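I wanted to see how the chains in this one meet each other. My notes from going through the interfaces follow.

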Amino acid sequence: MDAIYYLDPTTQFVLFSIVKIVVAFVITLTFVAYAVLAERKISAWIQDRVGPNRATPFFAQYLPVIGPALVRLGIFQPMADGLKFLLKEDFTPAYVRKVYFWLAPALTAIPAFMTIAVIPFGSTLGNPNNPMVIADLNVGILYSFGIVSLGVYGIVLAGYASNSKYPFLGGIRSSAQMISYEIAMGMSVVAVFMVIGDLNLSKVVEYQGANILHWMAWKQPLAFFIFLVSAFAETNRLPFDLPESESELVGGYHTEYSSMKFALFFLGEYANMIAASAMMVTLFFGGWAYPWGGGAAQGFLGGVGHIVCFLVKMLVLMGVFIWVRWMFPRFRYDQLMDLGWRRFIPLALVNILVTALVLAALND
Amino acid sequence: MIVGLHHYLVVSALLFSLGLFGVLARRNLLVIYMSLELMLNAANLALVAFSRYNANLKGQVMVFFIITVAAAEVAVGLALIVALYRRRGTAHVEDLNSLRL
Amino acid sequence: MEPTHLPATNFQDLAWAILLLPLVSALAITLGLRRNRELTTTLSLSAVGIGFGLSVWLFFLYGVSGERLAATPLSWMSVGSLSAHLGLTVDPLSTLMLMVVTGVSFLVHVYSTGYMEDDPEYPRYFASLGFFTFSMLGIVLSDNFVQTFIFWELVGVSSYLLVGFWYEKPAAADAAKKAFLTNRIGDFGFLLGILIVWAATGTVSFDAMAAKLKAEPGILGAAASLAGVLIFLGAVGKSAQLPLHVWLPDAMEGPTPVSALIHAATMVAAGVYMLCRVYFLLDLPAAWPAALSFLGSISALDVIAWTGALTSLVAGVIAIQQDDIKRILAYSTLSQLGYMVMAVGCGGPDAAMFHLTTHACFKALLFLGAGAVIYACHHEQNIWKMGGLAKRMPVTFWTFLLATAALCGLPVLSSGFYSKDAIFAAALASNRPVLFGIGVLVVGLTTLYMSRLVIIAFLGESRSEAASHAADPGRNMTLPLLILAVPSVSLGWLPVGAYFKSAIFPGAVTHSAEGFSDVFFEPFNHSPLGAFLGFGLMAFGLSVAFATYWGAAMDPMPGHLPRLSRALRNRLYFDEIYAATLIPLHDAVAALADWVDRWIVQGLFVRGISGGMDLFGRALRLVQTGNLQTYAFLFVAGVALVVLLALK
Amino acid sequence: MSELLPSALFYAFAGLALVFGFLCVANPLSRNPVTSAMFLVLTIVSLAGLYILLHAFFLAAIQILVYAGAVMVLFLFVIMLLNLEEEERRKIRGITLGLGALSVAVIAGILIRAVVAARPSAGTTPLVEGGIRNLGHTLFTLYLLPFEAMSLLLLVGMVGVILLSKKDLK
């Protein structure tokens, strides 16, 4: 292991970065898979059903006790789903614009993964020069907003490429919705950064690190609320899942997609959910810090502890996402726009103003 | 070879020329408009490069303003194009020659 | 005495408040209250009323003590050596004048609430009245020529609005236009005069100008008399002196309270006030530029004095044969203004101001009385259709009689006696016996036509249905009459003349009356010749009037002296002469100017240039393809050229 | 390696920007406006990369956020709404194309000559950091008035667009 430390810093940096990227990517993908399962299970519980409990690989039956329990929990369901997506016929309709039809799903999934790059998901693993964040940018939040804003392209292009009216309308709706809520989202965060005084997400975590009382969720509840609701809109989740509202637009922008390309949209949605949760954890719930505080980890185990803490917080928020989906009715489109433009943006502006005034008063 | 100011300026000049070519050669009003944006971006690049190599933030402030103006300008320009399209049913410059005397 | 420049103190606020209150009310009425009569009344009455209260306060605070204060001027513009500012002077002259203006204005406002009661344009009337009051106060308070001129013109505008208030009547609209245009002639001269003075002294501020003149008496050089006469020309227009007097009788087409305010008490007095304000500029030895050297030793004051005297005489003569009650009063106003101007010319601006003050009271009273009569007789203005009003309108009659006495200069019991005598004294003191003679003669004329008016309109039998049912108007119209009657009678008993003397000539020795006989019979002691002669001529005029008109059913004069009567009834053909001479001349000049404008300016220059451009444009038009990208290409080519040139 | 990396990145980003820019304005394969727009997005992203190399982090973020995220989406919207594909059906005139290319080549030549003639002092130590703190400070002190004017401009633009987008435009 020590051999690494004899390399020059740039090489070290590149090496570490590659490792972090790969690990984060794998973990995110796993989370996506199991988020789908969680969604199905939670919806089942809410609807007083059992949920998926049959998929089982051949070896599971040989495990005593644990095997049937795992099957009952549906642990193997994601594998079955994945396999199904891969093996289904990949059908491309005749009149689509082929290049964009292929490009769109990829463009939906990629930004979500790229957002994760700036999120500090842990302190260190013992080496203070190697923080647990892929890119420690000093304009971190702007970067993530920029990337998120690129997410619109996938949807717009999907709508455009399908060359069919329902996907087209879905695409237009969805992109208008995302652009609108991006503004509210961005503005809500401004207040947070005014309090902290830095755009670097690591600094944000540091600021909240002392203990649970320093979490921004308490200091900027309005910002948190706006961010949370906007995140629902940004990820096209219920109660804002108009772009894909089955009852009106068949399936929205992904109506014409099937098989793996459809799976990519699916993947993108869940990855977006993960990214949004991770972002909220970082911005409002102290990131990797324990609720009782404690600075950067000293050893390897401490670092792992922080990562676990981060993941737990993130899972709770993911739970909220899923829970909300099965609890609230869908908004009408005009209500959605009204909420975004006429409620949230002014509210966020007021929040900024009040924050500025309070800060100015405190500084004097 | 160390990358210096003139490298950026050459890139900027080339991009600018590309945008200019788009403006002169393309016939679709929207594409012409995009080419204009490209020219604007080329200018921005030059400004940022100057700002960096002259140790002066003013260039970057200018770019900030240019981006802001560009956003407003694009919004208004596209609205005009849409209005024009609604009236004339075309966005093709060769069909838009009512200024001819 | 140099004015004391004080920092912002209450006198300044007071002066500004007095000036701006009427404007505020006028604006508020114009902008917001065009339909609300009650609010209009309250607002304009309180604006002027408060203004009057403040004026009285200001008078007792500063006027009586003789202090001269100048409010810190607000710089308004500065062009080259001309720096104009808005400044207010508070000195004895302006404080007393403020009281006169706001006081009469207030009474006229009160009176108007009755007189104009039924008019559908009631709010517009009060807005114009407020605007006029504001403009007039501006002249009174102004401390420099530019500001005076501005407010001078504002007075012209507001008077235009008021004279032409009933613009649907062609006569009223024409009269307003005539007043405005006639005034323009005078204002033109006034402006020239201001420019000459400014060019010579380099300042437009009265105080600075006076100081410079004191330090260097010959500063105006050869233009001294010319400047004086030109400035006087402004007063000729505004105070309706001889060649430009024609507008005032016609201006009687306006509502009668307006006549009382504008054409008796304030606006026409503005000319006299201005002359007194700049008296130091007029009282200079004769000096004419070479082109006018034939005028020799005639000084500006001589011109002024003679103009005033002639106006006084001519107007008095014309008044004898007028039948319209308001026109009689208008000519009498002309005659009295002539007195004032003559007094200024005779070196007695204090006498002029004295007469201005008393005249303001009794002439306003006369007009308001006339208004009451007209109101009672259903807008009948011909005195031959009245008669016997004394019994039916006692309040109006008695107040009118008192004012008539004051106008004629009834000894002791009228204010006019004292002020006129001061003028005669000034004429004698300046060694101008002819002018003195004219002045005294006019007393007789005045008595003659005023007695004629009173005898025909108020005494005898009613000559018309309307007159036989006339009655005193309501209290809001009689009250101003009664109030105005008090100063009309008693103002002469106060040392107003001495007050003005010390105001205009600071440090002058003033004769102060003490004791009963000295106070009441002061003119008989002070200048007995004028007093006795005037009294005698007054008695003569009165007896002639009674002999001629007592019991007469119609005017006997056209029967006995047909030619003279016709000439007088036609106002000595002034309007006709103007129509035959000046107006064709003016039309010819206008036609020439029109020709130049049409063919030279418009044709050669404007059309020529535009035609050339058009031709050029037609040539350039060939380049226009209407193709966006061609334009872009040309543009880029141009830019490339510029860049190339810049790189060289 | 630490000197090599920025140079390599510069050439990579600059090359990408130029290639994408070329494909945006003169794509030989497709004259679909959507393609142009997508390549313009890529050019913009490459330029953002160059900005980062120039340490203008804030501008890089803004470039992506505003240009790629908002402006170009707007373009796509309009293209989709108008459904513009007619250009594909028109034939190009060789003369125009040639003339355009020629004039552009001239301009490019002039500009590059100007750059070379000016001979900017290459390789000076870069000094400023275009981080949000520095930029914000400059913006809110020295350029406060232009900044406010800009906000007004945006408002005017917004009102103008709303007015222009009305259906019954006279």
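**Notes on two interfaces**

I started with chains A and D, where 27 residues of chain A are in contact with 24 residues of chain D. I kept in mind that this is a predicted model.

Next I looked up the area: chain A and chain D bury about 2,200 Å² between them, and carbon and sulfur atoms account for 74% of it. I checked for salt bridges between chain A and chain D and got zero. H5(A) gives the most, with 11 residues. I sorted the chain A side that touches chain D into 17 nonpolar, seven polar and three charged residues.

Then I moved on to chains D and B. How many residues does each chain bring to this contact? I got 83 from chain D and 76 from chain B.

The buried area between chain D and chain B is about 7,100 Å², with 77% from carbon and sulfur atoms. I found zero salt bridges between chain D and chain B, but six residue pairs in polar contact, both residues at pLDDT 80 or more. Which helix of chain D gives the most to the side that touches chain B? I noted H3(D), with 13 residues. My tally for that side of chain D reads 57 nonpolar, 17 polar and nine charged residues.

Key:
Residues are numbered from 1 along each chain as its sequence is written. Chains are lettered from A and ligands numbered from 1 in the order in which they are written. This is a predicted model: local features need pLDDT of at least 70, side-chain atom pairs count only at pLDDT 80 or more; totals for chains, interfaces and linings use all residues. Side-chain values use heavy atoms; hydrogens and water are left out. Contact means heavy atoms within 4.5 Å. Buried area is the accessible area (1.4 Å probe) that two parts lose on being put together, summed over both. A salt bridge is a side-chain nitrogen of Lys or Arg within 4 Å of a carboxyl oxygen of Asp or Glu. A polar contact is a pair of N or O atoms within 3.5 Å; within protein, one must be able to donate a hydrogen and the other to accept it, and residues adjacent in sequence count only if both atoms are side-chain atoms. Helices (H or I, at least four residues) and strands (E, at least two) are DSSP runs, numbered from the N terminus. Ala, Val, Leu, Ile, Met, Phe, Trp, Tyr, Cys and Pro count as nonpolar, Asp, Glu, Lys and Arg as charged, and the others, Gly among them, as polar.
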